[in-house]
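Me: Please take a close look at a single residue in this model and at what surrounds that residue. After that, describe some of the other elements.

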Amino acid sequence: MSEQQTKTSPKSERNTPVTLSVSPISAGRVLDERFEIIGVLGEGGTGIVYDALRLGEEKPGVARTRTPVALKVIHSHLLMDKQIRGRFTREANILRRLHGDNLCPILDYGEVVDPHHEERRLLFIALPKIDGPPLDQVLREKAPLPITRITEIATQVCNALASAHAQGVIHRDLKPANVLLEKDDHAIVVDFGMAKIVTGAGTETTALTQQNMVFGTPEYMAPEQARGDELDARCDVYAVGVMLYEMLCGKVPFSGVSPLSVLTAHLTQAPTPPRERAKDRDIPAALEAVVMHALAKDPSERYPTALALRIAIGHAADHPDDVDAVRPTKDATATPAPVVIADKAPEELAHANTMPAPEPTPPTSGRRPTPTSVPPNSAPRSEKPKP
């Protein structure tokens with residue numbers, strides 16, 4: 001690995017410099033006659049994201065199309081394990097099927113020749129280029145956010161999650177850095193399933209990783225995720241609760257100097273209620289109740305689906321003092337979305353995890369229906385990660 005290099009992102013002059021831990025591909029290089037590199041947008045634990053052009057097929061007498069994309073090239077040092085390459089291909093096939101107004105779909109994926117080592121190939125993912133800052137940048141500059149803006153962003157994040165959960169895909173690394181805000185705060189959730197493909201986490205938080213496995217980002221991890229339990233849609237519900245808390249208070253519920261201290265807090269400590277944490281703000285009681293329910297230690301005490309959480313957020317926005325109506329209730333018909341079985345091939349997955357999130361019962365009046373919850377998941381726990 002080379003010495004660190006610093007590049008300024010071409011995306012916005014307001015962005016902080018992008019610090020790179022590996023030598024980036026030079027601007028102007030064309031990879032396999034498919035992608036022309038323009039610059040660097042950023043780097044994460046899994047790879048470098050390039051500002052690039054996707055080149056169309058060459059045809060006589062027809063100008064070659066050049067589509068702007070964000071090209072994520074996985075770090076070469078992560079690709080020595082065949083399991084990583086196999087998992088990447090299987091899950092990229094799954095994620096390519098995801099579509100929704102608040103989702104960022106995969107346009108293309110595969111392998112290209114590494115321009116630094118021609119005998120080696122690199123894995124890539126091509127995504128639509130989204131013109132807008134990530135939510136974590138907005139929070140650094142403007143947190144805490146206005147209540148109306150918070151509910152609008154959170155509602156769109158829930159829409160993205162509901163679409164993915166209905167297809168059996170959970171995020172497992174949802175955080176503000178993975179929510180991009182286009183014009184008029186149109187939220188796009190990115191990196192769905194990327195954490196399950198290769199190891200790595202964000203750069204602004206206390207990343208917790210293990211060879212060939214991702215745990216997530218500790219500040220946004222549900223207790224069951226910290227324990228290594230089997231996961232379902234409710235781990236993403238918890239992450240939305242953390243993001244709501246951060247947008248309201250300007251800080252996450254738990255932070256620390258090490259991943260272990262943060263995870264221990266998620267497992268053992270009750271979060272300080274937002275209205276107590278941010279006493280100078282007029283936070284609606286119902287919205288605070290939504291946050292606290294989403295942050296319940298026991299998954300069965302949270303909202304069972306992103307759809308139920310979205311309904312609760314909407315009700316809190318319309319009825320800021322109606323605390324009782326946003327409380328999750330027991331409902332055996334509400335089934336959390338299961339986790340994608342990453343080790344199965346795409347054709348096997350066609351028959352697995354097909355139960356969508358339940359549609360809400362149509363309200364009998366102008367009031368939104370009360371969100372529901374379910375008893376504890378009866379699925380067996382997975383083997384805990386080895387230290």
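Reply:
**Gln156 and other elements**

Gln156 lies in helix α3, residues 147-165. Helices here are DSSP runs of H or I with at least four residues, strands are E runs of at least two, and both are numbered from the N terminus. The model is predicted, so local features need pLDDT of at least 70 and side-chain atom pairs count only at pLDDT 80 or more, while totals for chains, interfaces and linings use all residues. Residues are numbered from 1 along each chain as its sequence is written, and side-chain values use heavy atoms, with hydrogens and water left out.

Gln156 has a relative accessible area of 15% and is therefore buried (under 20%; exposed is over 50% and partly exposed in between, with a 1.4 Å probe and protein chains only). A polar atom of the Gln156 side chain lies 3.0 Å from the backbone nitrogen of Ala187. Beyond the neighbours within four places in sequence, Gln156 is in contact (heavy atoms within 4.5 Å) with Asn102, Asp185, His186 and Ala187.

Helix α3 also meets helix α2, residues 135-142: the buried residues of α2 pack against α3, β9 (179-181) and α6 (234-249). In α2, Leu135, Asp136, Gln137, Val138 and Leu139 are buried.

Next, the strands. β5 (residues 47-55) pairs with β6 (residues 66-74) in the antiparallel sense over nine bridges; pairing requires at least two DSSP bridges between two strands. Val49 has Lys72 as its bridge partner in β6. β6 is also joined to β8 (residues 117-128), antiparallel, by five bridges, and the partner of Ala70 in β8 is Leu127.

Key: Polar contact = N/O pair within 3.5 Å; in protein donor to acceptor, adjacent residues only side chain to side chain.
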